[in-house]
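Biologist: I would like to take a close look at a single part of this structure, and then see how that part sits within the rest.

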Amino acid sequence: MNSSISKAQLLYLRRQRARRAAVLAARILLLAGFLSLWEYCAGRGIIDSFIFSSPSKIALCFAGMARDGSIFRHMWVTLLETVTSFLLVTAVSMLAAVILWLCPRLSEVLDPYMVVLNSLPKSALAPLLIVWLGARTRTIIVAGMSVAVFGSILTLYTAFCGVDPEKLKLIRTLRGTRIQALTKAVIPSSIPALVSTMKVNIGLCLVGVVIGEFLAAREGLGYLIIYASQTFKLDWLIMSILLLCIMALLLYAVIGLAERICLRRR
Amino acid sequence: MEEILELRHISYSYHTMDGETPALADISFSMKEGEFVAVVGPSGCGKSTLLSLISGLLEPAAGQIRIRGRDSKESATNIGYMLQHDQLFEWRTIYNNVILGLEVQHMLTAKARQKAHELLDTYGLAQFENARPSQLSGGMRQRAALVRTLVLEPDLLLLDEPFSALDYQTRLRVGDDIGQIIRREKKTAILVTHDLSEAVSLADRVIILGPRPASIIQTVPLIFGAGADTPLGRRDAPEFKTYFNLIWKELNSNE
C-alpha cells in the first residue's frame with residue numbers, strides 16, 4: 001500500500017502533519033507564555049499577587065492541600081456529583097423524550113411549559129431546592145440536573161421528531177407498531193443527537209453542581225471557591241477555578257472518547 | 001385465476017386546516033393472481049395514495065377494498081410494500097436490514113433466516129451480507145430492499161416508484177433486474193410510476209389516472225410478441241412505441 005503513495009501525496013501528508021504540529025506548539029506556547037507573564041508580573045509587583053495570585057503560589061497551595069489529601073476529596077466530591085447528575089439527566093431526558101414521542105397529544109400540551117422551564121435561569125431554583133431538599137448532596141445533584149435536563153429533553157425530542165418520515169412509513173409497511181418504530185428506527189437514528197446532547201450536558205451539569213455547592217455544601221470545589229472568597233484566600237479560589245477547568249476538559253474528553261468508540265462500532 | 005385484489009369505488013381526500021384536497025375519485029379495478037399492473041398518471045395525482053390505501057396505511061373515505069374476496073381489514077393476505085427510497089438503515093448490516101420485517105413481525109425463525117440467506121444469495125448479495133448499506137451501489141441497495149420485502153413472502157407487492165431515485169442507466173438495469181425477479185417469484189405486483197417507458201416495459205396492464213382528483217381514464221392491456229419476455233427486450237420490441245404513444249396521448253388529452 002505504502003509503495004503506491006505518490007510524491008505529491010507524501011508532500012501533502014507532510015504539510016498536514018507540519019500544520020498540526022505547529023498548531024499544537026502554538027497552543028502550548030500560549031499557555032506557557034500566559035503562565036510566565038503572570039508569574040513575572042506577580043513577582044515584580046506589577047499586579048498585586050494577593051489579589052491575582054501567581055502560578056507558583058497556586059502550585060504551592062495545591063501541593064500543600066495535596067499533602068493532607070483535602071484537595072482530592074473536594075475534587076472527588078465535585079466529580080462524583082457531576083457524573084451522577086449527568087447520568088441521571090441522560091436517563092431522565094431519554095425517558096421523557098420517549099414518552100413525549102409516544103404521546104404526541106401530551107407533547108403538544110406540554111410544549112409551552114417545556115419552553116418556559118428551559119428558558120428559566122436555573123440558578124434561581126437552587127435556593128428553593130435547598131429549602132425543599134435540605135443542604136446535602138442530593139440537593140446538589142438535583143441542582144446539577146436542573147440546569148441540563150429541560151434543554152436535553154427538548155433537544156432529544158426534536159431529534160426524535162426529525163427522523164425521516166419515510167423510515168417510519170417503512171416500519172408501518174412492515175406491520176410494525178409505534179413502539180417498534182421507536183426502537184428500530186427513531187432511537188438508532190438519533191444516536192448522534194444523543195451523543196452531542198451528552199457533550200453539552202456534561203458541561204452544564206458541572207455548572208449546576210458548582211452553583212449547588214456555592215449554596216449548600218461543605219465539600220467540593222464550589223464550596224472551596226465560596227469559602228476562599230469569604231476568607232480572602234485567593235490562591236485557593238483561583239486554584240479551584242483552574243481545577244474546574246481541568247475537570248471540565250477531562251469530562252469532555254471522556255465523552256469524546258466514548259463517542260469515537262461508539263461510532264467505530266456502528 | 002382467482003382475483004387477489006378488488007377496488008370498488010374508492011375515494012380519498014386529504015384534510016388540512018386550509019381545506020380539503022380530493023386525491024382519488026371513484027377508482028375501481030381488480031387484479032388477478034400473478035398479474036403485474038402499472039399505474040401511471042401526472043405527478044401529484046394520488047398514485048402513491050392508492051398504494052397506501054391498498055396496504056391499509058390509510059383508510060378510504062368511500063368505497064371498499066377487497067383482498068382475496070375479504071374486506072382488506074380482515075384479510076390475512078401478506079402485502080409487501082417497496083418505497084421510493086430503499087430506506088436501508090445505515091446502522092444495520094445488509095443482512096440485518098433484510099430481516100427487519102421478520103424481526104418486527106416476530107417471525108425470526110431458523111427457517112426464515114435460512115430463506116433470507118438464500119434470497120441474498122440468489123440475488124447476488126451473499127458477499128455483502130455483513131456490509132453497510134453505504135458500501136453498496138444504488139442498484140444493489142434497491143435489490144436488498146426488494147429482498148427485505150420478499151423474505152416476508154408477500155402475496156401482493158406494492159411498488160411505489162422504486163426506481164425513481166436511481167440515475168437513468170442504473171434505473172434501466174435495476175428495473176429489468178427487479179422486473180425479472182418479480183416474474184420469477186410469480187408475484188402479483190402493482191407498480192406506481194410517472195415513467196411511461198418503465199410502465200410499458202414491466203407491466204401486463206397499465207392503468208392511466210387523470211389529474212387530481214384522480215380517476216381511471218383508461219386501462220391498457222399490454223401484449224408483446226414472443227421475443228420480448230424481459231423488460232429490456234420489450235423496450236426493443238415494435239409494440240413498445242405503439243403502447244408508449246397510446247398512453248402518452250391518453251395522459252396528455254386530459255391535461
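Biologist: How many residues does helix 7 of chain A have, and how far does it reach from its first C-alpha to its last?

Modeller: A word of care comes first: this is a predicted model, in which local features need pLDDT of at least 70 and side-chain atom pairs count only at pLDDT 80 or more, while totals for chains, interfaces and linings use all residues. Residues are numbered from 1 along each chain as its sequence is written, and chains are lettered from A and ligands numbered from 1 in the order in which they are written.

Helix 7 of chain A, residues 137-161, has 25 residues and reaches 36 Å from its first C-alpha to its last, where a helix is a DSSP run of H or I with at least four residues, numbered from the N terminus. That reach is close to the 36 Å expected at 1.5 Å a residue, the expected span being 1.5 Å times one less than the number of residues. Even so, helix 7 of chain A bends by about 35 degrees at Ala148(A), the bend being the angle between axes fitted to the seven residues ending there and the seven starting there. The helix is also mostly covered, with 22 of its 25 residues buried; buried here asks for 20 or more other C-beta atoms within 10 Å of a residue's own, the C-beta atoms being placed from the backbone.

Turning to the record, an unreviewed UniProt entry places the feature "domain: ABC transmembrane type-1" at residues 75-255 of chain A, and its annotations may be inferred rather than shown by experiment. Over residues 75-255 the chain is 86% helix and 0% strand, with the end C-alpha atoms 19 Å apart. For "transmembrane region", UniProt lists several spans of chain A, including 140-163, 21-38 and 237-258. Residues 21-38 of chain A are 100% helix, and their end C-alpha atoms lie 26 Å apart, while residues 237-258 of chain A are likewise 100% helix, with end C-alpha atoms 32 Å apart.

An automatic or database domain assignment divides chain A into domain 1 (2-47) and domain 2 (61-265), and 33 Å separate the centres of these two domains, taken over C-alpha atoms.

In chain B, helix 1 (residues 47-55) is largely enclosed by the rest of the structure, because eight of its nine residues are buried. Among the buried residues are Lys47(B), Thr49(B) and Leu50(B), and just after this helix Gly56(B) takes a positive phi of about 90 degrees.

Definitions and conventions:
Helix = DSSP H or I, 4+ residues; strand = E, 2+ residues; numbered from the N terminus. Buried ≥ 20, exposed ≤ 12 C-beta atoms within 10 Å, placed from the backbone.
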